[in-house]
Amino acid sequence: MNRKAWIIGASSGIGAAVADELQSKGWQVIRSSRSKGDLLIDIADDHSVEKAASEYQEKYGEFDLVLVMAGFWQRMSVQKFDLDVFKQHNNTNMVGLARCVAAVLPKMIAKNSGTFVGVSSVAGFRGMPGSSGYGPSKAGQLNFLESIRTDLVGSKVLIQTVSPGFVKTPMTDVNEFKMPFIISAEQAAKTIVKGIEKRKIEIIFPLPMAITMKLARLVPLSIWPKLFKKG
Ligand SMILES: NC(=O)c1ccc[n+]([C@@H]2O[C@H](COP(=O)([O-])OP(=O)(O)OC[C@H]3O[C@@H](n4cnc5c(N)ncnc54)[C@H](OP(=O)(O)O)[C@@H]3O)[C@@H](O)[C@H]2O)c1
C-alpha cells in the first residue's frame with residue numbers, strides 16, 4: 001500500500017488523532033474538514049465533495065487510502081422527534097459517506113487498488129434510546145460498507161469498517177449520560193491505524209464494548225426494549 005492518506009473529518013476528535021498517528025508513522029497525510037485542513041470539504045454537499053475530490057487529484061494524484069471520519073450526532077428521542085434533525089443525520093453520515101464513495105471509488109476500481117475506510121459506530125448495531133437520528137444513519141453506513149465490499153469480491157480495492165465505542169472528543173463532550181468503557185481519541189487512533197495497516201475488514205473497539213454490542217445483536221427484538229426499562 002502507498003502510504004498517502006486522505007482523512008476527511010481531521011480537524012478534531014478521532015480524525016485529528018488518526019491523522020497525527022499516521023503522520024508519526026511516516027504516512028503523507030492530507031487533512032480535510034469544513035473549517036480547516038489542506039482541502040476544505042463539506043460531505044453534506046454534493047458539489048463540495050466533487051470539487052474536493054478533483055482538487056485532491058490535481059494536487060496529490062491517486063487515491064491510496066481515503067478515510068471518512070466526518071459525522072454528526074445529536075441526541076433525539078421519539079418524544080421530541082424532529083424530521084429535520086433526522087435528515088441532517090442521514091445527509092451527513094449516510095449520504096455523506098455515499099458521496100465520498102461516489103467521488104473516490106470509481107478511480108480505485110479503475111486502477112484495481114486503494115483502501116476506503118468508513119467510520120460508523122457500535123450505535124448502528126442496535127436501536128438505542130435517544131438515538132433515533134444517529135443510530136439509523138450509523139446502521140445504514142454499516143450495511144452500505146458491507147454491501148459495496150461484496151460487490152468488490154475479487155478486486156484489490158479494500159473496504160474497511162470502523163465501529164468505535166465511546167471516545168472522548170468534542171462530539172461526546174456534550175453528552176450528559178454515562179458513557180461506558182470510554183477511551184481517549186489517541187487510544188482510538190492507535191487501534192484504527194493498527195487495523196488499517198493489518199488490512200482488517202472490521203475495526204471495532206474497545207474490546208469490552210465490542211463484545212457487549214456483538215452479544216447485543218443476539219438479544220431478541222421482544223426482549224431488547226425491556227433492557228432499558230427505568231426504575
Ligand atoms: N466520539 C465517539 O464516541 C464516537 C463513537 C462512535 C463513532 N464515532 C464516529 O466517529 C466520527 C468522528 O467523531 P468524533 O467524535 O471524532 O467527532 P468530532 O470531534 O466532532 O470530529 C468530527 C470531524 O468531522 C468534521 N466534520 C463534521 N461534519 C462535517 C462535514 N459535513 N463535512 C466535512 N467534515 C465534517 C469536523 O470538522 P468541521 O466541523 O470543521 O467540519 C471534525 O473534523 C464520526 O463519524 C462519529 O459518528 C464517534
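Predicted model: local features only at pLDDT ≥ 70, side-chain atom pairs only at ≥ 80, totals over all residues.
**Figure 1**

**Figure 2. The Trp73–Phe177 ring pair.** Searching the whole structure turns up nine aromatic pairs. In one of them, the ring centres of Trp73 and Phe177 are 6.4 Å apart and the planes stand at 85 degrees, so this pair is edge-to-face; the cut-off for that label is an angle over 60 degrees. Trp73 belongs to the loop between strand S4 (65-68) and helix H3 (83-111), while Phe177 belongs to the loop between helix H5 (170-173) and strand S8 (183-184), so the contact ties together parts 104 residues apart in sequence. Trp73 is buried, at a relative accessible area of 17%, whereas Phe177 is partly exposed, at 26%.

**Figure 3. The Phe81–Phe86 ring pair.** Here the centres of the Phe81 and Phe86 rings are 5.8 Å apart and the planes make an angle of 50 degrees, so the pair is tilted. Both partners can be checked for accessibility: Phe81 is partly exposed, with a relative accessibility of 39%, and Phe86 is partly exposed as well, with 25%.

**Figure 4. A cluster of aromatic rings.** Take a look at Trp6, Tyr56, Tyr60 and Phe63, which ring pairs link into a cluster. For readers who like to follow the geometry, a pair of aromatic rings is described by how far apart the centres are and by the angle of the planes.

**Figure 5. The second largest pocket.** This pocket has a volume of about 290 Å³. Its lining is made up of 19 residues, and Ser77, Val78, Met128, Pro129 and Gly130 are the ones nearest the centre. Sorted by class, the lining holds eight nonpolar, eight polar and three charged residues.

Figure 6. Which residues of H7 are buried? In this helix, residues 207-216, they are Met209, Ala210, Met213 and Ala216. These four cover an arc of only 130 degrees around the axis, which places them on the same side of H7. Leu207 and Leu215, on the other side of H7, are exposed.

Figure 7. Phe205 and Pro206 are joined by a cis peptide bond, with omega at about -10 degrees. Pro206 is located in the loop between strand S9 (202-205) and H7. As background for this view and the next, most peptide bonds are trans, and most residues other than glycine have a negative phi.

Figure 8. Asn112, in the loop between H3 and strand S5 (115-119), has a phi near 55 degrees, a positive value in a residue that is not glycine. Its relative accessibility of 34% makes Asn112 partly exposed. Arg199, which is not a glycine either, has a positive phi of about 60 degrees. You will find Arg199 in the loop between helix H6 (185-197) and S9, and at 40% relative accessibility Arg199 is partly exposed.

Key:
Residues numbered from 1 in each chain as written. Heavy atoms only, no water. 1 Å grid on protein atoms, 1.4 Å probe; cavity = no way out; pocket = protein on both sides within 12 Å on 5 of 7 lines; lining within 4 Å. Points joined across faces, edges and corners; volume = space filled by probe spheres on them. Nonpolar A, V, L, I, M, F, W, Y, C, P; charged D, E, K, R; others polar. Phe/Tyr/Trp six-rings, centres within 6.5 Å; stacked < 30°, edge-to-face > 60°. Helix = DSSP H or I, 4+ residues; strand = E, 2+ residues; numbered from the N terminus. Buried < 20%, exposed > 50% of the residue type's maximum accessible area, 1.4 Å probe, protein only. Arc of directions from axis to C-beta.
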